[in-house]
Amino acid sequence: MKLKERAKKLKTDIPAVFLAVKDKDTPIIAKIVAGCTVAYALSPIDLIPDFIPVLGYLDDIILLPALIALSIKLIPKNAMEKSRKLSEGMWENGKPKKWYFAVPIVIIWLLIIWLILKAVLF
C-alpha cells in the first residue's frame, strides 16, 4: 500500500475507531485504547509540539498511526467493519476540534514538568 493510500485510510479509520468505542461488542481494553487514540487525534495540542524540528512531526507520522493500528487490532473485526460502514463520509469537512480533548495532553505535560522540577530542585 502506498503512503498516500495509507494516509487516506487513516483519515477514514479515525471516525471508525470513534464509533467502535461506542459499540457494545468492543471489549473494555479496546475501548480504553481507542478512546485515547481518538482523544489524541482530535486534540488541538500534540504530545510533541510541531515547532520542535523533526521531533514535532514524528508524533503525527509514527505515534498516531501506531495508536490507530493498535486500536484496530484490539477491536473485533465485526465491530470494526460495522463502524467503518457507519463512518463513511462522516468527517468529509475535516475533523472536529474540541479543546476538551487537549486535557489529557496538558495533564501529561504538567506531570513531566512537575517530575523535572522535583528532580532538579529536591
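Is Glu81 buried, exposed or partly exposed? Glu81 is partly exposed, with a relative accessible area of 41%. On this scale, buried means under 20% relative accessible area, exposed means over 50%, and partly exposed is in between (1.4 Å probe, protein chains only).

A quick word on what you're looking at: this is a predicted model, where local features need pLDDT of at least 70, side-chain atom pairs count only at pLDDT 80 or more, and totals for chains, interfaces and linings use all residues. Residues are numbered from 1 along each chain as its sequence is written, and side-chain values use heavy atoms, with hydrogens and water left out.

Now for the charged pairs. You'll find five salt bridges in the structure, a salt bridge being a side-chain nitrogen of Lys or Arg within 4 Å of a carboxyl oxygen of Asp or Glu. Let's start with Arg84, which pairs with Asp13, their closest N and O atoms sitting 3.0 Å apart. Arg84 belongs to helix α4 (residues 77-87) and Asp13 to helix α1 (residues 3-22), so this pair ties together parts 71 residues apart in sequence. Helices here are DSSP runs (H or I, at least four residues), numbered from the N terminus. Asp13 is buried, at 4% relative accessible area.

Arg84 also meets Glu81 in a salt bridge, with 3.3 Å from N to O. These two are three residues apart in helix α4, so about one helical turn separates them.

Elsewhere, look for Lys24 and Asp25, whose side chains form a salt bridge of 3.8 Å, N to O. Lys24 is exposed at 72% relative accessibility, while Asp25 is partly exposed at 33%. Both belong to a network of salt bridges linking Asp23, Lys24, Asp25 and Lys82.
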